[in-house]
Amino acid sequence: MVQFFSKRRLKIAEQIIIVIFFAVLIPMTVSGFIINNINQQSNRAHLRTTAVMISKIVSEEINVFEQSINNQINQIISTLEFYKYPEQERNYLDSAIKNLPFYKELTIVNTPEKVEQYKAYNTRDNYMVFSRPLNDGRFLIAILDVETLKTDWFKTIAEDKRQIYILDGKTNKLFASSNYTKDGYEDCMAQLPQKLENDKPVIFGNVKNQPLVYLKKTKPNAIVIVNTTEDLKKDTIDYNRDKIILSIIITVLSVFFVVGLYTSYLYTNIRQLFKAIIAISKGNYERRIRLLTNIFTPFELVFLATEFNRMVNQIHKSYVQIKKKNKELKQLDEFRSNMIDTVSHEFRTPLTSIQGYTSRLLRQDIQIDDETKQKSLKIIKRQSERLKRMIEDLLVIPDIEDARLNFNLINIPINSIIENSILLVKNDSKKEIINNVKDCAIEILADNDRMEQVFVNLIENAIKYAKDGSPIILNYEVEENRLIVSVQNEYDLIPREKLKTLFDKFSRLDDSTTRTTRGTGLGLYIVKGLVEAMGGEIRLYSNEECGFCVKVYMPIATD
C-alpha cells in the first residue's frame, strides 16, 4: 500500500473522499448514535413523568368528583328537611335531576333492604349508586350515569393517547376507562403487582419504553392505571429516533452529493482550461471557455475564464439565449410530463373498456344475444365519445394559449344554451338538475357551440363532485350590462389556496393519491379560456352558504 501511494499521487477527488470519511462521516455517525441514545433516555423519562402526572390528574378528578357529589347529596338532604309531604319531596328531587346532569335517578326508600336492592346497580357498568340516611330513618338513593361521568373525569386529558383504567379498589373490577382496548386492559392486569402501595403513583411493567403507572387510592377506594400504548411510544421514542437517523443519513448523503458535485464541476472546468490553452498554443484563437459557474466554482477559475472570453464579444448574448431556451425547455418538459401522466391515466380506462367489449363481440366460441351486443356497442360508443371529448380538450389548449380561437359571436338566448347543455350532459348518477334559467329570455353575445361547451363542462363537473342526493342548481342574475349564470353544487368547503389553483392546467380537487373521480383536470382551464376569449369572466366560490359555486359573467347582447 505504501509503495502504491509512493508511485502515484492521489487525485483531488480521492483526497476529498478520505478527508470526508475521517473528518465528517465517522464523527457524525458517532455523534448521531450518542444524540439518539440521549434523546431516547430523555423521551423515556418524559413518558414516565407524564404517565405519573396523568395518574395524579385522574386521581384529583376523582377526588373533586367525590367531594362534589357528597356536597350535592348533603345539600339535597338539607333541603328535604324543609318539605313535609312526599309529593313536595318528589317534585324537588325531579327538579334536582334536571339541574344535575350526572344523576340518573334520585329517590327515597324506607328500609335498608330497599337500599341493598338499589345497590345492585353497582354490578352494572353504566351506573353508580350512593345512599345517605335521613333524619327520619329513611334513605336517600342517588344513581349516577357513569358514561356522563367519564366525560367529566377525562376531559383534561381527552387528547392524550394513553389508556386509562379506573378499578374498584375492593374487587379490582373495571369501573371506567379511556381509550379502552381488551388486549391493553388484560396486559395491564397481568402485570399489575399483587401488593399495591397506597396513595402514591408507582411505575411498573416489563417494557421500559412503555411505562405503566398505578395509583391506589384509599379515599375513595379505587385504583387508577395509566398504560403507555405502542402508538404513543412510536410517536415519541421511535419517531424521534427515526428522525435522528434519517437526518444523519440525509446529512451524509448531502455532504457526498455536494462534494461530488464540487469535484465534478472542478474537473470539468479545469479540463476546459487545459483544452483552451492547448487550442491557443496551436493557433485557434476562437476557442471559448464555457465554465459551469455556480457556488462551487473557484474565483480563480472564473477570473481566468472571464479574461479569456473577453476576446469574444458575443459570449454574453449566447449565454442569455441559452438560458432563455433552457427555461422554455423546462416549462415544456413540465407540461409534457403532466400531460403524459394525466392523459395516460384518463385514456387507459376507456381504451381498456373499448378493447374488452370489442374482443367480447369478436369471439366466435360463444353465442352473444342481441341485447348483450347492443349493450356492449353502447358502452363502446360512450367510451369513444369520452375519448373524443378528452382529445378535443387537449387540442383546444394551444389555441387558448396562443389566442388563436375563432368565434362566431351572435345574440343567443341564455335559456336555450342552458337547456341544450343539460341535454348534452352525461348524468350517469341521475342527480337532479334544477334549471332556474329556463324562464330567462335574455340574450348574450357569444359563440353558441363554445358557450354550450362551457356549460356542459361546468354542469358535468358539478355532477361529478356534488354530494350524493344533492341537486345541481342553475341560477341567473343581471348586473348592469352583464348576465351572471351560476352553477352550484353541494360540496365540502375548499381552502382559498386550493380554490386559486383550480383554473390551472391539470388541477383537480382530488389529487392523484386520493382521486375518486375521472377527468383530465383541464375542464376549468378550458372553460376560463373560452369565457375570457368571448369577453366574459368566470369566478369560483366556496362557502358554507352555497357549497361550491361557479359564476359566469357574459355581456348582454345589444340591438
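L540 stands opposite V550 in strand β15. The structure is a predicted model, in which local features need pLDDT of at least 70 and side-chain atom pairs count only at pLDDT 80 or more, whereas totals for chains, interfaces and linings use all residues. Residues are numbered from 1 along each chain as its sequence is written, and side-chain values use heavy atoms, with hydrogens and water left out.

Strand β15 covers residues 547-555 and pairs with β14 in the antiparallel sense over seven bridges. Two strands count as paired if DSSP finds at least two bridges between them. Strands (E, at least two residues) and helices (H or I, at least four) are DSSP runs, numbered from the N terminus. Both strands belong to an open sheet of five strands with mixed pairing, in the order β10-β12-β13-β15-β14. At its edges are β10 (433-435) and β14 (537-543), each of which pairs on one side only. On average, neighbouring strands of this sheet are turned by 20 degrees against each other, direction ignored.

Two helices lie across strands of the sheet. Helix α11 (residues 414-424) lies across β10, β12 (472-479) and β13 (482-489), and runs at about 165 degrees to β10. Helix α14 (residues 523-533) lies across β14 and β15, at about 140 degrees to β14. Axes are lines fitted to C-alpha atoms, for helices over the stretch in contact (heavy atoms within 4.5 Å); angles run from 0 to 180 degrees between N-to-C directions.

The mean pLDDT (the predictor's confidence in each residue, from 0 to 100) of the protein is 76, and 80% of its residues reach 70 or more. Over residues 312-316 pLDDT stays under 50, and the model has two contacts beyond four places in sequence for them. Residues 512-517 also stay under 50, with nine such contacts.
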